[in-house]
Each structure stands twice: as structure tokens, then as C-alpha cells.
Amino acid sequence: MNTAIARENWQEQIVDGKFPLLERVGSSERGEVFRTRLSGPGGQSAAVKLISADVQNAEDMISRWRLAATLTHPHLLRIFHVGRCSLNNARLLYVVSEWADEDLSQVLPIRPLSSGEAGEMLKPAIDALSYLHARGLVHGRIKPSNIMAIDNLLKLSSDSIHRIGESEVQAVAPGPYDAPEVTRGATSPAADVWSLGIVLVEALSQRKPAWESAGQSEPSLPGPLPSPFRHIARECLRRNPNDRCTLDRVKAAFEPGPAQPETWRDTRPDARPLTPKPSGINLKFVVPVAAVLALGTVFVWKVATRQPQPPASPAATETREPSSSTVPPAATRSSESTVAPQGASTPADVAERFIPDIPLSARETVTGKVRVVVQVAVNPAGEVSNTTLLSPGPSRYFANKAIDASRRWKFRPALVNGQPVAGNWALKFLFGRAGTEVFPTPVR
């Protein structure tokens with residue numbers, strides 16, 4: 001697929017006469033993904049994935065997507081439409097699915113998950129995979145970018161689902177999340193378990209396990225990983241698929257209650273069986289993203305106790321506000337200032353904020369929230385010296401507004417031996433019809 005053509009010429013065209021390509025949001029060797037809008041009241045946002053219709057076994061791909069569209073599970077992304085189209089004389093296949101607010105791959109560059117968050121992430125993922133496996137299906141592509149957040153629900157992508165034993169329709173090289181046997185064309189529930197193990201390790205450590213595809217040794221885990229996740233990861237990442245643990249055993253590790261009669265298969269001298277362990281956190285969902293990393297939200301999945309900031313006034317211009325007038329509640333505020341460089345005597349904090357003014361005409365185009373994450377480098381004087389767009393969201397307009405506002409923030413740097421030091425912060429902007437919220441979080 002010629003991605004240059006996609007970037008330059010496909011945007012603003014209409015797929016199959018029904019789905020306008022509003023914004024290009026991603027690409028891979030498998031295809032291009034755009035934001036689109038469904039017809040009907042409210043114009044619900046959706047994602048449309050385009051791949052070349054010239055791939056071998058294109059009909060098999062269409063059949064798989066149609067099969068996935070029949071599945072109903074709260075933790076699987078819904079598929080709305082499947083078909084063929086032509087853009088600029090390019091023959092394409094397309095699949096239209098739910099629009100995800102965020103995904104796990106946007107979180108991990110900022111910080112790892114806590115133990116409680118990792119457990120809360122695993123539960124819905126395991127439920128969805130168990131649902132598939134019980135129906136003779138596999139996901140085939142478990143990785144952070146395919147673990148998504150929609151409102152307060154975690155969902156797995158659905159466009160890769162296929163029957164156990166079927167090979168890939170598109171010939172692509174195995175990726176870093178694929179099990180060793182995938183190179184031989186084998187797809188099975190055990191391969192999904194391996195991929196989930198890789199994701200779990202990366203989620204907790206921001207590093208993937210080290211292993212050699214041509215070797216025979218088991219993967220080496222970065223350490224330390226908290227209990228019981230190190231045991232879980234080892235059992236998920238057995239090189240022999242017949243030796244890997246089941247999803248039921250992984251799930252049992254987080255469910256309080258009587259110990260299960262089955263024990264983990266681990267022959268190491270220091271091995272101990274896993275026991276159920278509740279997460280002990282009050283989350284509707286998991287994983288705080290970028291600017292809400294310490295707020296207990298999930299990607300932007302919200303904690304029951306979180307309270308929003310007052311929305312920006314539509315009539316106001318982009319104004320400077322002291323941090324005391326715009327900070328989140330006390331619990332949130334304290335989390336902003338608890339991360340400091342090693343040896344720091346005083347943690348970093350926000351001094352001044354800029355909330356971008358968004359005209360009413362632009363806000364009325366928003367359905368739900370538009371989320372943009374910007375990382376800022378802060379010099380010892382507390383000024384922003386550089387900005388990096390971590391998550392652009394679906395609109396260049398809002399991304400540019402977030403970047404412009406981020407450059408005007410001021411900070412109180414952490415003190416080490418009485419001297420201010422440079423640092424980094426992630427600013428998460430939530431643009432909505434009622435106004436704009438910004439959540440800052442220091443980045444280690």
C-alpha cells in the first residue's frame with residue numbers, strides 16, 4: 001500500500017459513499033486508519049480501516065470481519081460495517097468499528113502501570129479472550145495499541161479475530177508480541193496467552209522481555225516485577241505452547257476466594273503457587289494516561305471519585321491562571337507534586353496554567369471529549385523549553401491549540417540540594433462542548 005497516497009489524497013474522500021475520511025489517525029504495514037462519522041442523529045465518531053483489496057485471500061479477510069461483526073461482548077470493539085471501495089483508482093477493503101478514546105500504547109511511553117492497574121487491565125482482557133477461545137476463535141494480535149478505552153470500558157480490537165488454526169490473510173513478519181510458533185503459521189489460544197504475557201511485562205516495566213526467536217531458552221524478564229505478576233508472566237511466556245498457563249489460572253490470581261485445586265506449573269526451586277489477590281483499588285477502570293497518570297483514571301477512564309475542573313469560559317481569551325484556581329481536587333493536586341528526582345528536597349509543582357479558548361463553533365463539533373496529550377520539558381527556571389505531542393487526538397486543530405497552550409505553562413521545579421533542576425510533565429487536554437480541562441502529571 002502506498003501510504004504517501006493515503007496521506008495526501010484519501011483524507012476528506014468518502015468511503016463507499018457513506019463514510020467520510022475526516023482525519024488520518026494511524027497506519028501500519030497492514031493498512032491505514034481514519035476517523036469517520038456514522039450517519040444518523042449525533043454523527044457518532046467511528047474508525048475506518050483501509051487495506052489493499054489486492055492482498056491474497058481478500059475474501060477471507062472480508063469473511064473474518066463479518067464473523068467478528070456478529071460477536072457480542074462488552075470488552076470487544078464493535079464492528080459496524082464491512083465492505084469494498086475504491087479511492088483514487090485503488091481497490092480497497094474497509095472495516096468500520098467503534099471509535100476508541102485512547103489505547104494502552106499511549107500510556108506506556110509516559111509511565112508503567114501500578115500493580116492494581118495491571119490487574120484491572122487483565123480482567124476484561126481475559127474475559128474477552130476467554131469468550132473468543134470458547135467459540136473456537138483467537139484474537140491473534142494482542143498488543144498495547146489494540147487494548148483500548150471507550151468511555152469507562154476497556155475493549156480489545158476485533159478486526160484481527162479469526163478461527164483457531166487459520167493463518168494470517170496478510171503476509172507480514174511476526175512482531176515483538178507474537179509467540180515463537182507464529183513464525184510457523186500456527187495460531188492458537190496459547191499464542192494469545194503469550195502475547196498477553198508480553199503486554200503485561202511491558203505494562204509494568206515499560207520494557208519487553210528479552211528472548212531470542214531462534215534460541216531455546218525462556219524469555220528473560222526485566223525485574224523486579226511485583227507479585228503475582230512475575231509468576232503470571234513466566235507461565236504465560238513458556239516457549240512450548242503446551243506448557244503455558246490457561247486464562248482461567250491467570251484470572252484466578254486476582255479473584256479472592258478459596259484456593260483453586262490446580263497449581264501453577266513451575267519447576268524452579270524458588271517457585272511458589274499463585275494465590276488469588278484482590279487489587280484493592282477503587283477504579284471504575286484502569287490505567288491513568290499521560291496527564292492523569294496519578295489520578296486513578298483509566299487511560300481517561302475515570303475514577304468514581306474524580307471531580308472535573310471548572311470548564312473554561314467560552315467568552316474568555318487564552319488567559320493565564322494561577323495554579324490554585326484551576327487545579328483538580330486535593331487528592332489530584334497532591335499527586336502532581338509527589339514525583340521528584342532522586343535526592344530532591346522539594347518536589348516539582350505547577351505555578352501557572354494556560355487554558356486555551358475554543359470558539360463555540362469548534363466546540364459544537366465535539367462528540368464526547370477530544371483528548372490530546374503533550375509532554376513538556378521544563379528548564380530549571382520553570383519555563384517550558386520543548387514540547388512533544390504524545391497523543392494528537394483526532395483533530396489537528398485541537399492538537400495545535402494544546403501545543404500552543406502548553407508552551408505558556410510555568411512550573412516550580414524540584415529542588416535538589418537547594419538547586420532547581422529540569423524536569424518533564426505530561427499535560428492532558430480534554431476538549432468538550434462545555435469547555436476545556438487540563439490535567440498535569442510529572443513524568444519520571
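What percentage of the 444 residues in the protein chain is buried? Buried residues make up 52%, where buried means under 20% relative accessible area with a 1.4 Å probe, protein chains only.

Some housekeeping. This is a predicted model, in which local features need pLDDT of at least 70 and side-chain atom pairs count only at pLDDT 80 or more, while totals for chains, interfaces and linings use all residues. Residues are numbered from 1 along each chain as its sequence is written, and side-chain values use heavy atoms, with hydrogens and water left out.

The protein chain has ten helices and 22 strands, taken as DSSP runs numbered from the N terminus: helices are H or I with at least four residues, strands E with at least two.

Five strands form an open antiparallel sheet in the order S3-S4-S5-S7-S6, where pairing requires at least two DSSP bridges between two strands. Strands S3 (23–28) and S6 (79–87) are at the edges with a single partner strand each, so one side of each has no neighbour in the sheet. On average, neighbouring strands are turned by 25 degrees against each other, direction ignored; axes are lines fitted to C-alpha atoms.

Inside the sheet, S4 (residues 31–37) pairs with S5 (residues 45–52) in the antiparallel sense over six bridges. Thr-36 has Ala-46 in S5 as its bridge partner.

Key. Buried means under 20% relative accessible area, exposed over 50%, partly exposed in between (1.4 Å probe, protein chains only). Axes are lines fitted to C-alpha atoms, for helices over the stretch in contact, and angles run from 0 to 180 degrees between N-to-C directions.
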